[in-house]
Amino acid sequence: MTQPNHPDEKKPFPWHLVIFLAPALLIYVTFSVYPLLDTLFLSLFNTQDGNSTFVGLQNFITLITDDNWSHAFWNALLNNFMFFAIHMVLQNPIGLLLAVLLSSPKLRLSGTYRTLIFMPTMLSVVIIGFVWQLLLSPIWGISEEFLYNIGLGHYFDAWLGKEGSALITLSFISVWQFVGIPMMLIYATLLNIPDDIVDAGTVDGANPLQTFWYIKLPLILPTIAMVSILTFVANFNAFELIYAVKGALAGPNFSTDLMGTFFYRTFFGFQLQQGSASMGAAVATLMFLIILVGVMLFLFFVQRRIQRFQF
Amino acid sequence: MKIVTGFLPSSPLNVSKSVTVHAILMAYTVIALFPIIVVIINAFKTRKAIFNDPLGLPDSDSFTLAGFQEVLLRSDFGLYSWNSLVVTLLAVGLVLLLGAMAAWALTEYKFRGNFLIAFLFAMGIMIPIRLGTVSILSLMVELDLANTLTALVLVYIAQGLPLAVYILSEFVRTIPKELTEAARCDAVSEYKIFFCIILPLLKPAMATVAVFTMIPIWNDLWFPLILAPGEETRTITLGVQQFVGQYVTNWNSVLSALTLAIVPVLILYTIFSRQLIRGLTSGAVK
């Protein structure tokens, strides 16, 4: 630890390394790594009634099988997969279409379109949730009037208030807000495709559709995979949109409940059910495992794809 | 191919194609902006006009600022904005400084544990910090930081560091070794090398990191709701959420509150959109 007196003995202790690295590492470990590990650990205990007892995997068994818990848990999990599926089906194709259009050669105003279409992505999910809640409100009736004007008025319904349509509507709102991200990332990838490759294809007689399908799309796929995993992670800890529009109870009748809102209710309690730190930790642990599996699959998939491109 | 299109700029096929492209992009731009614009224009209208003519612009008859007055009267919007500003600026500033220092240490020096620490930071890019909320809350209570802005700043630094370290490390790698080697030959200290040579070179990458770090912090509801829900420490996002929840039926106030939350962000976005889009499209997040 002390400064060595003989210069040829050993290098001095690299204090500069500690000073550069320690502050970031200390804060990151204290407020991110440690709480996560502590949460995983806590999920093996029962903290009810003020004392903490080790219960092994009992919390998870309760969540998955107990009558009081399992219904809510599976409901939130299935809803979450539904939420993610709607994102995948809509967000990537719309983003891809917009990106392809934006990258058309010599397109005027391309920068303006890009900036404007990306705008909702910048705003808080909470604000966006409220904005759409107002727009879709049957009391204000602005959407109803709009649909009447284009001749679809009788399709209008209080979508956010009905069990069958609330989750789908919220997914649409979320897609509407975040479609800017796939658009931007795919657009960037398209711009980075070297002209030579496309020109070579054209010289060999490929029409624009073939050029897109056989040359550009394979090069965009890794970007789409990355957008998908970002969406997956974001969807499986989504909370704000549901909380803003439907509250912590994720109504009507829990039909918009996601893992995030389920976690919040489990941890803090609601109505007659008391909040529980250890059950909350168990839900967070399951969310962690789901996200981890998703990320692993992504790394595996992308790794293989990159290798394939190298040959 | 390019020469041909260059000579025939206005062939009918090209014109119709470009019209279609513009039509689709314009239609989508309307879809993207319409909801936001409707909220903003109605915030300036009387209750009657909001319901009778929701799409009309406010005129001399229907124009009113009553909603804004009510919002400013019944809630402390100034304080909420100030809290958000303090938290965001402190957290982003520290993420940039500490992130740059760590990125430099991890890429420049070889030492035991280097890979492990880099991996630990990389994990944080994908694993959301929210999953540790149960323990973060009890930690903050133990540290006596519940309901303080400090708690939010600390959590947001931890949240922002992984991506910052990653992007800045990539950037540090592109700095030529000769620069630092030359400085070391002249016996310049490691601190001076970092603060006087490296840090200025990192500026463009830091701008990108700043934007990516700032947006989620400013927009966050989760941690303000859980760690600092008190009236004194409310951030703007939480403040709006609480206000709208409380005055749901008062349309003027709700629309005005949303407008007050939206407009500053839109102004900042318009100013910094170039920077942001360059960051997104330069491959910084790939």
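Let's start with B:Val155: setting aside neighbours within four places in sequence, it is in contact with A:Phe31, B:Ile129, B:Ile136, B:Phe223 and B:Leu227. By contact I mean C-beta atoms, placed from the backbone, within 7 Å. This is a predicted model, where local features need pLDDT of at least 70, side-chain atom pairs count only at pLDDT 80 or more, and totals for chains, interfaces and linings use all residues. Residues are numbered from 1 along each chain as its sequence is written, and chains are lettered from A in the order in which they are written.

B:Val155 also belongs to the largest nonpolar core, which has 164 residues; B:Ala102, B:Val155 and B:Leu258 have the most contacts inside it. Such a core is a set of buried Ala, Val, Leu, Ile, Met, Phe, Trp, Tyr and Cys residues joined through C-beta atoms within 7 Å, buried being 20 or more other C-beta atoms within 10 Å of a residue's own. Helix H8 (residues 149–173) of chain B brings the largest share, 17 residues. Helices here are DSSP runs of H or I, at least four residues, numbered from the N terminus.

Finally, the interface: 68 residues of chain B are in contact with 64 of chain A. Helix H2 (residues 12–43) of chain B gives the most to chain B's side, eleven residues.

Thanks, everyone!

Note on methods
Contact = placed C-beta atoms within 7 Å. Helix = DSSP H or I, 4+ residues; strand = E, 2+ residues; numbered from the N terminus. Buried ≥ 20, exposed ≤ 12 C-beta atoms within 10 Å, placed from the backbone.
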